[in-house]
Amino acid sequence: MVTISLDISHVPSKKVDFLLEKVPFLSEVITGISYDNTNKKIHVTTSLNNSDSPKVKEIYESFEKLNKSIENLRVIKSKVIKSNENKEEKKAVIKSDNQKKSFVNETEIILMDMLDKLFIKIAKKYGAELREYPTILSQNNMNRNQYHINFPQNIYGVTSVPHNLNVIQEFRQNSLTNNFSNSFNFQGEFLQPCICYHCYEENQGQLLTSNKVLTGKGKCFRNEIHWKKDQFRQNEFLMREIVFMGNEQWVIQIRDLIMEDVWKSFESIGFIGKIATATDPFFFSQDMSAKGTFQMMSNAKYELIVTTKNGKESSIASFNYCQDMLCNKYDIKDDDENSLYSGCVAFGIDRWKEAFIDLYSYDTANWPEISMDWEEILV
Ligand SMILES: [Zn+2]
């Protein structure tokens with residue numbers, strides 16, 4: 001097993017976290033990273049057996065490219081805006097245990113339904129209409145939102161075998177030797193990475209006469225790095241989103257009001273954690289070198305972060321303000337033909353479930369009564 005040390009002594013300390021996030025994407029042979037704060041190095045473990053492998057050189061070169069791409073990045077320190085954490089308590093750093101459960105059991109299903117009832121209740125409080133959307137995003141939709149351009153490392157494309165007898169037979173033959181790639185056809189469809197793009201597509205090209213609030217739930221898919229996966233971070237996860245489109249002031253107000261409701265619910269359940277600004281708004285390109293000096297908007301994204309009993313932190317909801325960017329991309333305007341503003345709130349339902357089980361176990365006798373009835377929470 002070859003280990004590579006990447007020198008980051010020249011990197012300003014506030015950019016180090018950002019680099020640590022990105023280094024695992026440099027190569028598929030990377031199996032882990034660790035940060036040596038004293039010597040200012042990132043140690044990268046790989047699956048390689050030979051340090052002369054061209055893949056080692058490739059990692060060094062890609063790391064240089066990555067460094068160049070963040071030269072003009074100005075990182076704003078994350079700001080905590082709500083917290084019920086005890087600052088004195090020293091947090092343990094827990095390594096991912098790579099566990100992958102192959103099914104969700106009945107208790108978990110009941111719990112997720114219960115949690116989702118809370119999220120729907122919050123959405124309904126702001127006049128949301130319920131929606132169901134397909135799991136697949138169309139090519140038109142992807143071209144509008146550009147997610148595949150901004151985050152190629154996250155996407156899953158959908159392929160199929162063309163309805164042509166020769167190709168069908170060829171596919172069958174090739175499959176016997178696990179050789180699939182040649183006869184699969186890709187036509188620009190993707191598994192959804194989030195729900196909200198459907199809401200924008202639904203309103204594409206329209207002049208809205210009033211504010212719009214929609215909510216939908218579905219399985220979402222992101223190609224996570226396999227060794228970073230754990231019970232909170234999975235390739236496939238259940239998400240509910242509340243999407244709101246309207247004028248600028250109203251959008252910010254709704255986003256903040258929902259955030260208050262969610263925080264109140266979070267505390268009522270008994271969770272420990274915080275809401276903090278996030279520095280990676282989902283709609284920004286990660287290739288920042290092309291954009292020149294780049295400043296992350298400080299109020300674009302807040303994240304609700306839960307701390308588990310053994311000190312692991314995980315983001316279980318986000319509160320996003322997208323300015324007029326997505327409405328522009330989908331050509332959604334008010335009746336005076338001014339582009340609208342929008343935002344969305346996303347709940348990682350499996351993550352809420354994991355945090356709940358962490359706190360109260362699978363034994364429903366331990367569950368708090370409040371979880372059965374959200375009425376008191378949302379007055
Ligand atoms: Zn969204």
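Reply: Start with Lys-312. Its relative accessible area is 16%, so Lys-312 is buried (under 20% relative accessible area; exposed is over 50%, partly exposed in between; 1.4 Å probe, protein chains only). This is a predicted model, in which local features need pLDDT of at least 70 and side-chain atom pairs count only at pLDDT 80 or more, while totals for chains, interfaces and linings use all residues. Residues are numbered from 1 along each chain as its sequence is written, and side-chain values use heavy atoms, with hydrogens and water left out.

The partner of Lys-312 is Asp-230. The two form a salt bridge (a side-chain nitrogen of Lys or Arg within 4 Å of a carboxyl oxygen of Asp or Glu). Their closest N and O atoms are 2.6 Å apart. Asp-230 sits in the loop between strand 11 and strand 12, and Lys-312 in the loop between strand 15 (301-307) and strand 16 (313-321), so the pair ties together parts 82 residues apart in sequence. (Helices, H or I with at least four residues, and strands, E with at least two, are DSSP runs numbered from the N terminus.) Asp-230 is at 3% relative accessibility and therefore counts as buried.

How many salt bridges are there by this rule? The count comes to 16. Asp-116 and Lys-217 make one of them, with the closest N and O atoms 3.5 Å apart. This pair also links distant parts of the chain: Asp-116 is in helix 3 (residues 106-125) and Lys-217 in strand 11 (residues 212-221), 101 residues apart. Asp-116 counts as buried because its relative accessibility is 6%. Lys-217, at 33%, counts as partly exposed.

Next, Glu-202 and Arg-131. Here the closest N and O atoms of the salt bridge are 2.9 Å apart. Glu-202 belongs to helix 7 and Arg-131 to strand 6 (residues 129-131), so this pair joins parts 71 residues apart in sequence. Glu-202 has 27% relative accessibility and counts as partly exposed. Arg-131 is partly exposed too, with a relative accessible area of 24%.

Back to the loop pair for a moment: Asp-230 lies between strand 11 and strand 12. Elsewhere, salt bridges with shared partners join Glu-108, Lys-353 and Glu-354 into one network.

Now the metal. Cys-196 (SG), Glu-241 (OE) and Cys-344 (SG) coordinate the zinc ion at 2.0 to 2.4 Å. (Donors are N, O and S atoms within 2.8 Å of the metal, or 3.2 Å for Na, K and Ca; water is not among the atoms, so sites may look incomplete.) The spacing of the donor residues in sequence is C-x44-E-x102-C. Cys-196 lies in helix 7 (residues 196-202) and Glu-241 in strand 12 (residues 236-246), so these two tie together parts 45 residues apart in sequence. Both Cys-196 and Glu-241 are buried.

Two backbone details remain. Gln-146 has a phi near 65°, a positive value in a residue other than glycine. Gln-146 is in the loop between helix 4 (139-145) and helix 5 (147-150). With 28% relative accessibility, Gln-146 counts as partly exposed. Asn-178 is not a glycine either, yet its phi is positive, at about 55°. The loop between helix 6 (165-175) and strand 9 (185-191) holds Asn-178. That residue, Asn-178, is exposed, with a relative accessible area of 61%.
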